[in-house]
Amino acid sequence: MIQLPSQQHKLITILKTSTFLIFLGRAYQHIVWDPPYRTILWDEAILKNFVENVFGLSWNDYVTSLSAASSISFSIKTIGVFYLLCAIVTLFLKSDMKKVGKFFLFGGSIGLFILAVLYSKEKFFHVGQFFEYTIQFLTPILLYMVLFTSTALKKIRTIALIAIALTFSCHGLYAIGYYPRPGNFIDMIINILHISETNAHFMLKIVGILDFVIAITIFIPRLSYPSLLYAFIWGGLTAIARLVGHFHIDFFATTFNQWTWEVIIRLPHALIPLFVIIVDHPNSRFFKYIGMINNRKKPQTTT
């Protein structure tokens with residue numbers, strides 16, 4: 001029987017995969033689509049004095065300038081290229097590449113943190129909107145800590161748990177309706193489950209309550225394992241739902257182009273709970289089962 005990789009190797013692989021996916025998805029978003037940088041770059045209350053005093057332009061000239069718009073678009077795509085480099089470098093990082101790792105992992109994490117702030121500003125500074133991205137901007141830091149520091153695994157686990165709790169509970173704030181419930185949440189459920197709008201709203205409330213329950217029970221030793229398994233499964237399903245819930249066969253290319261990156265950046269919402277599961281239960285039956293499946297797929301050799 002082929003042995004499963006060591007715990008350390010599993011943890012690094014999961015964190016590398018998660019970090020790679022986040023950077024890759026954000027790279028695609030920046031290069032192809034339009035992240036919310038204009039929410040601050042076109043905010044008159046914040047930038048008017050700066051633009052008029054530094055560039056000598058009236059605010060109206062600035063916001064209607066094709067040159068300024070072109071410069072903003074170019075800068076956004078440049079950030080996208082940086083995220084793409086972060087993604088590629090992540091796959092090749094080794095424990096003796098600390099300086100390279102620090103530049104790309106910390107640089108990418110700072111960029112993701114700023115992006116979370118911008119999304120929050122776009123939603124009238126909803127605190128929940130910002131912290132919903134906790135897993136995304138902390139995952140590169142978790143990878144850095146595992147690869148390049150001697151930080152105790154217990155502390156890294158705690159940070160991962162906090163990231164999971166914040167991400168799930170803030171998602172729950174929207175699901176239960178504490179903040180205005182996003183229309184795309186309703187559309188996804190209706191399109192996937194083919195239920196009425198009323199039942200979709202009710203289901204979201206239940207899901208939101210479960211998000212809060214999970215955010216608490218992952219810290220309770222006796223309940224942590226099943227709660228993390230739920231977070232792993234539900235995190236994966238909610239990521240895939242972005243594509244499935246908006247899929248139209250008649251517009252296959254457009255659907256794939258618009259929603260695949262949304263799936264990619266959210267897959268770590270499943271992988272980080274899996275990371276904690278491996279920390280706590282490196283010999284879990286779940287992984288033994290996977291190992292058995294892999295062994296069955298291996299061709300038998302004779303000597």
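Which element gives the largest share of the lining of the largest pocket? That would be α13, with five residues. The model is a predicted one, so to speak of local features a pLDDT of at least 70 is needed, side-chain atom pairs count only at pLDDT 80 or more, and totals for chains, interfaces and linings use all residues. Numbering runs from 1 along each chain as its sequence is written, and side-chain values use heavy atoms, with hydrogens and water left out.

Back to that pocket. Its space comes to about 640 Å³. Pockets here were traced on a 1 Å grid over the protein atoms alone, as open sets of points with protein on both sides within 12 Å along at least five of seven lines, where a cavity would be a set in which a 1.4 Å probe fits but cannot get out; lining residues have an atom within 4 Å of a point. Points are joined across faces, edges and corners, and the volume is the space filled by probe spheres set on them. The lining of the largest pocket counts 31 residues, with Q129, Y133, R242, E262 and R266 nearest its centre. Two or more residues each come from α1 (7-32), α6, α9 (153-175), α10 (183-193), α12 (221-244) and α13; helices are DSSP runs (H or I, at least four residues), as are strands (E, at least two), numbered from the N terminus. By type, the lining splits into 13 nonpolar, nine polar and nine charged residues, where Ala, Val, Leu, Ile, Met, Phe, Trp, Tyr, Cys and Pro count as nonpolar, Asp, Glu, Lys and Arg as charged, and the others, Gly among them, as polar.

The second largest pocket holds about 300 Å³. Of its 16 lining residues, I189, I192, W234, T238 and A241 sit closest to the centre. Here α10, α11 (197-217) and α12 each give two or more residues, and α12 has the largest share with seven. This lining is made up of 13 nonpolar residues, two polar and one charged.

Two of the residues nearest the centre of the largest pocket, E262 and R266, also pair up with each other in a salt bridge, their closest N and O atoms 2.4 Å apart. (A salt bridge is a side-chain nitrogen of Lys or Arg within 4 Å of a carboxyl oxygen of Asp or Glu.) Both lie in α13 (residues 252-266), four residues apart, or about one turn of the helix. R266 and E262 are both buried, with buried meaning under 20% relative accessible area, exposed over 50% and partly exposed in between (1.4 Å probe, protein chains only).

There are five salt bridges in the structure. Another one joins D43 to K121, at 2.6 Å between the closest N and O atoms. D43 lies in the loop between α2 (38-41) and α3 (44-55) and K121 in α6 (residues 98-122), so this pair ties together parts 78 residues apart in sequence. D43 counts as buried at 17% relative accessibility, and K121 does too at 16%. E44 and K48 meet at 3.7 Å, N to O, again four residues apart, this time within α3. E44 is partly exposed at 39%, as is K48 at 30%.
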